[in-house]
Amino acid sequence: MVSQVIFACISAGAFAALFHISPRHLPLSALGGLLSWAAYLLLGKVVPDLFYRILLVSILTAAYAEIVARVRKAPATLFLLPALIPLVPGSYVYYMMLSLVMSHPQDAREYLLLTTKWAIGLAAGISLVAAAEQILYRREGSGGAGCPGAAVPERTAAPSAAPGKTVEPEKAAAASGPDGREEP
């Protein structure tokens, strides 16, 4: 189990490095892979059903990514995608394709079902956390602009306004053309 968790950490870190994630965020991206695979292995003893185990692991992984993103003031994707790498159902896809090539449709169907359960569990867990984060984030009143601490301004300066003068957004939009530039 220890070696599996270590290799999950290395694979998540390598994936993050391959996609040029900042060295500042690299250790926490790799740690996400370690935690996701450790959760998968530990829940395997408690939750025997594959779908529910993957659902719980993806909820924990997405929550980890959202929390770290808030702390680091970075997009959650930087931490979520590398953490999910150890959870990709590659072996099931491989065995499904092998069964198809070897003309074993019953085995291929079984592996397809396992792959589908796995993928839906991952997607559902991530979606639940994203939805919960959006609901909680809007209740904080931060403006919901998609980034921690971002606020949506009530008034904006129009291109035609004098320096230091603000105009309502509707008036600013009316003063500009369809491409957003000021009309003559």
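This report describes the overall make-up of a predicted protein model and then the packing of two of its helices, α2 and α3.

## Overall make-up

The secondary structure of this predicted model comes to 7 helices and 0 strands, and a reading along the sequence accordingly gives the pattern α-α-α-α-α-α-α.

Of the 184 residues in the protein, 33% are buried.

## How α2 and α3 are arranged

Helix α2 covers residues 26-46 and helix α3 covers residues 50-72, and their axes come within 9 Å of each other while crossing at roughly 155°. Because angles over 145 degrees count as roughly antiparallel, α2 and α3 are therefore described as roughly antiparallel to each other. The crossing in which α2 passes α3 is right-handed.

## The residues in contact

On the α2 side, the contact is made by Leu 28, Leu 31, Gly 32, Leu 35, Ser 36, Ala 39, Tyr 40, Leu 43 and Gly 44. On the α3 side, the residues taking part are Leu 50, Arg 53, Ile 54, Leu 56, Val 57, Leu 60, Thr 61, Tyr 64, Val 68 and Arg 72.

Sorted by class, this contact of α2 with α3 has 13 nonpolar residues, together with 4 polar and 2 charged ones.

Notes:
Residues numbered from 1 in each chain as written. Predicted model: local features only at pLDDT ≥ 70, side-chain atom pairs only at ≥ 80, totals over all residues. Heavy atoms only, no water. Axes fitted to C-alpha atoms, helices over the stretch in contact; angles between N-to-C directions. Helix = DSSP H or I, 4+ residues; strand = E, 2+ residues; numbered from the N terminus. Parallel < 35°, antiparallel > 145°, perpendicular 65-115°, else oblique. Left-handed = near helix turned anticlockwise from the far one by under 90°. Contact = heavy atoms within 4.5 Å. Nonpolar A, V, L, I, M, F, W, Y, C, P; charged D, E, K, R; others polar. Buried < 20%, exposed > 50% of the residue type's maximum accessible area, 1.4 Å probe, protein only.
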